[in-house]
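Please bring the structure up.

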Amino acid sequence: MSDFGDDNQPNLTNDGVDVNLDSDDDLFPGAASAAPPSAPPAPTSDTFQGQCTASDGSFITVTISEPTKVGDGVNAYMRFKVSTRTNLTYFKASQFSVFRRFSDFLGLYEKLVAKHIAYGRIVPPPPEKNMSGMTKVKMGKEESSSGSEFIQRRRAALERFINRCLDHPNLRNDPDMRDFLERDELPKASHTSALSGKSLLKKFNSVVETATAKPNKIPNDPDQWFEMKLVQVENLESQMKKLAVNIEALVQTRQELSGHSATFSKSIAMLGNTEEHTVLSRALSQLSEVEERIEQLQANQANQDFNLFCELVRDYCGLMKAVKDSFGQRAKIWHDWQTVESNLFKKREAESRMQLTGKTEKVPVVKAEIAQLEASSAQLKVEFEKISDNLKKELATFEEKRVAEFKNKLIQYLETLLDTQQTLVKFWTEYLPEAKAIV
C-alpha cells in the first residue's frame, strides 16, 4: 500500500480519535492482531485494480451489483447494492452490504472534495450525470432498464470510483466514506439531482465562480516545478481527451463491422439456398456460418475495446481534472496570501503617514489591523507551503499508480486483440479447404 503523503493534519474518526497517517497501524487499527479473512477475489475486467491492500494483509474492497429500478416515470431511480469486504476493525463486520442510489455517490464525492481538496489531495471523480441515458431508463421497463448497457457501464464506473477513493488512505478513513459504506440510510442528497432547484442554483453559482475565479497558474511561481508539472498535466489531459474520442470511434466502427458481418452472413446464406451447384452451395452455407461467428467475435472485441481501454482513458480524463483542481486550490491559497500581503503593505504605509503627519489618534486601530493581517499572512504562508509539499507527494503517488494501471490495462487489451486475431485466423484456416473443394 502506498500512501499519498503526510499533510500533518489529524484525521478524526467517528469516535473522535486522532489517526496518525504515517502509520499503517493507525490507518488500520487492530488489523495486525485481527485474523484476516481470505484475500479478496481477483478483480474483473471492469473493476479498478488498485484496491486497498496493506502489506500486513489488511484490506478493504467494494463491489457494486444488482442495479434495480425503483419507482416509475420521472420519479424512478436506479438503486445499487454496495458490498464491502474488509478486516479493518473500525467497521462493525467483515462483510456487509447497503443500497445506494446515484445521487448518494455524488453526495459522497462533494463531501470528500469539501474536506480534502484544501490539503491538496486528489479526490477521484464519480461518473458524470447522463440525463438522456437516465431518461431512457426511467421510461423503460424494469427488466430491460436494470440490464441495459448504460446501467451496467454506470455500475462499473461507480465501482471504480469507490475503489479509487478507498485506495487513498485519507479518503478511506474519512467518516463520510465509512457512513456511505456501512450506514443503512443516508440523508437524501437532493442538490445532486440534475433537475432539482438546488442543483440548478448550484450550476449557476458554479458558472459565476468560474467566470470570477482566480487563475490556476501562479505568475512567477516560487517553485518552477509546479509550473512545469501543470503544463505536463494539461498536455496529458488534452491528449487523453483526443484519445477518448478516437477510441469511441473505434468502438463504433467495430460495432458497425459486427453488424455488417451479420448482414453479409444472411445474404450469403440466402445465396447458398438458391445455388444449384451442391458443392458451391455447401461452401456458401459454411461461409455464412463463419461470418456469423465473426459477427459475435467483433461484437465481443468492441466490448473489450470499451471496457478495458475506453473506460480507462475516460476515467483519467476526469482524474486529470481532479489534479488540476488541486493545483487550483494551491493557486487560490497563494492569491489569498498575496492579497493579504498587499493589504498589509497598504496598512503599514498608512501607519507611516499617520506618524509623519502627527495624526496618531487612529494609529492603535491601524496597528491592530496590521497585527491581524500579519497573523493571517503567516497562516496563509504555512498553508501554502503545506499544500505545496502535500501536492508533490500526491502527484508522485498518482503518477506511479497511473503508469502501473495503464501498463496492466494495456497488456490485458493487447491480449484480447491477439486472441481475437488468432481466433479469426482459425476460422478462416478451417474454412479454406471448403473453398478449395469447389470444382
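A charge sits over a ring if NZ of Lys or CZ of Arg is within 6 Å of the ring centre and within 35 degrees of the ring normal. The charged end of Arg153 meets that for the ring of Phe306, sitting over it at 3.4 Å from the centre. Arg330 has its charged end over the ring of Phe226, 3.7 Å from the centre.

On sources: this is a predicted model, where local features need pLDDT of at least 70, side-chain atom pairs count only at pLDDT 80 or more, and totals for chains, interfaces and linings use all residues. Residues are numbered from 1 along each chain as its sequence is written, and side-chain values use heavy atoms, with hydrogens and water left out.

Next, ring pairs. Rings of Phe, Tyr and Trp (its six-membered ring) pair if their centres lie within 6.5 Å; planes under 30 degrees apart count as stacked, over 60 as edge-to-face and the rest as tilted. That rule gives 11 aromatic pairs. One of them is Tyr109 with Phe161, edge-to-face, at 6.5 Å centre to centre and 70° between the planes. This pair links distant parts of the chain, 52 residues apart: Tyr109 is in helix α2 (residues 102-116) and Phe161 in helix α5 (residues 149-166). Helices here are DSSP runs (H or I, at least four residues), numbered from the N terminus.

Trp428 and Tyr431 are also edge-to-face, 6.2 Å centre to centre with 75° between the planes. They are 3 residues apart in helix α11 (residues 363-436), so about one helical turn separates them.

Finally, Tyr90, Phe91 and Phe96 form one aromatic cluster.

Note on methods. Helices (H or I, at least four residues) and strands (E, at least two) are DSSP runs, numbered from the N terminus.
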